[in-house]
Amino acid sequence: MSEPDAEIVQFDNVGLRYGTGKEALTDISFTLYPGRFYFLTGASGAGKTSLLRLLYLAQRPSRGLIRMFGTDAITLPRERLPGFRRRLGVVFQDFRLVPHLSAFDNVALPLRVAGVAEREITKPVDEMLDWVGLADRRGARPATLSGGEQQRVAIARAVIARPDMLVADEPTGNVDPEMALRLLRLFESLNRLGTTVVVATHDVHLIRKVPDSLIMRLDKGRLSDPTGALRYPPRSTGPGGDSAPAAPDPGSGNPGSGAAPLGFAPA
Ligand SMILES: Nc1ncnc2c1ncn2[C@@H]1O[C@H](COP(=O)(O)OP(=O)(O)OP(=O)(O)O)[C@@H](O)[C@H]1O
Ligand SMILES: [Mg+2]
């Protein structure tokens, strides 16, 4: 059933209103395709977090249709929600680490939930902590970490189990530019392994670093589509490019200091 270009997410005339206020999101229609890299931009208050909350199924829309992984996400029976969520990696704007768990155990959580054997957890988690520069903080609880350190733990946790879709809300908002690039490389590595990536950010420098990325822009709750890729048929992405998801390209884009640690493959 999964054609190469089958959509992973489809929004059709989605609206979201909190309480009795005005709509935070209005007439949102777009399609996300597997294996693409999307940036979601827009001013503070434009609705980025609201849109991502719909994407990671933390919020139901007030109106409209949402399909995800080929299924109507709005009428999804409650018992199927955990299965859907396991296919998503989420970096929350406010991190949401588990406070009583160490950095190591926070990052290990998705692997443990997926039933990965303990002996297969230590290596990938340590490699991931090393990549995000926290090897020496593996035993630390979130309360003893800086904002940027917590953010890096949150990112490591979101990518460790190689989800089908990564949704990241301002994931580099608390780190310096050098670390932001390193984290971006991690997202790109995950993307090359086939994960659809959606990153909300204000940072135009970050966006420029991913040349094939597609851009969704929110303005006061309305979506525009500057790269022309959100509606069918998707825009071609470069010379010889077609609408198929980008295949791993061993000849380019390798991080200078080795590939990001995503060798772990869920059984
Ligand atoms: N839980 C809520 N209850 C009521 N209004 C909300 C709630 N969350 C967000 N809003 C409103 O919805 C609008 C969009 O907010 P949202 O958090 O999605 O913006 P954002 O683009 O993520 O902003 P930022 O860049 O500052 O994170 C804002 O007007 C905000 O005040
Ligand atoms: Mg936000």
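**Close-up views of a predicted model**

**View 1. Overall content of the protein.** Seven helices and 10 strands make up the secondary structure of the protein. The model is predicted. The protein has 267 residues, and 42% of them are buried. Of the contacts between residues at least 6 apart in sequence, 71% join residues at least 24 apart.

**View 2. Crossing of helices α3 and α5.** Helix α3 spans residues 103-113 and helix α5 spans residues 147-159. Their axes come within 7 Å and cross at roughly 25°. Because this angle is under 35 degrees, α3 counts as roughly parallel to α5. The crossing of the two helices is right-handed.

**View 3. Residues at the contact of α3 with α5.** On the α3 side, the residues that meet α5 are A103, N106, V107, L109 and P110. Their partners in α5 are V153, A156 and R157. Sorted by class, this contact has six nonpolar residues, one polar residue and one charged residue.

**View 4. V107 and L166 in the largest nonpolar core.** The largest nonpolar core holds 71 residues. Within this core, V107 and L166 touch the most other members. V107 is also one of the α3 residues that meet α5.

**View 5. Surroundings of L166.** Neighbours within four places in sequence are left aside here. The remaining contacts of L166 are with G89, A158, V159, F187, L190, T195, V197 and V198. Two of these partners, A158 and V159, fall within the residue range of helix α5, 147-159.

Conventions: Residues numbered from 1 in each chain as written. Chains lettered and ligands numbered in written order. Predicted model: local features only at pLDDT ≥ 70, side-chain atom pairs only at ≥ 80, totals over all residues. Axes fitted to C-alpha atoms, helices over the stretch in contact; angles between N-to-C directions. Helix = DSSP H or I, 4+ residues; strand = E, 2+ residues; numbered from the N terminus. Parallel < 35°, antiparallel > 145°, perpendicular 65-115°, else oblique. Left-handed = near helix turned anticlockwise from the far one by under 90°. Contact = placed C-beta atoms within 7 Å. Nonpolar A, V, L, I, M, F, W, Y, C, P; charged D, E, K, R; others polar. Core = buried A, V, L, I, M, F, W, Y, C linked by C-beta atoms within 7 Å. Buried ≥ 20, exposed ≤ 12 C-beta atoms within 10 Å, placed from the backbone.
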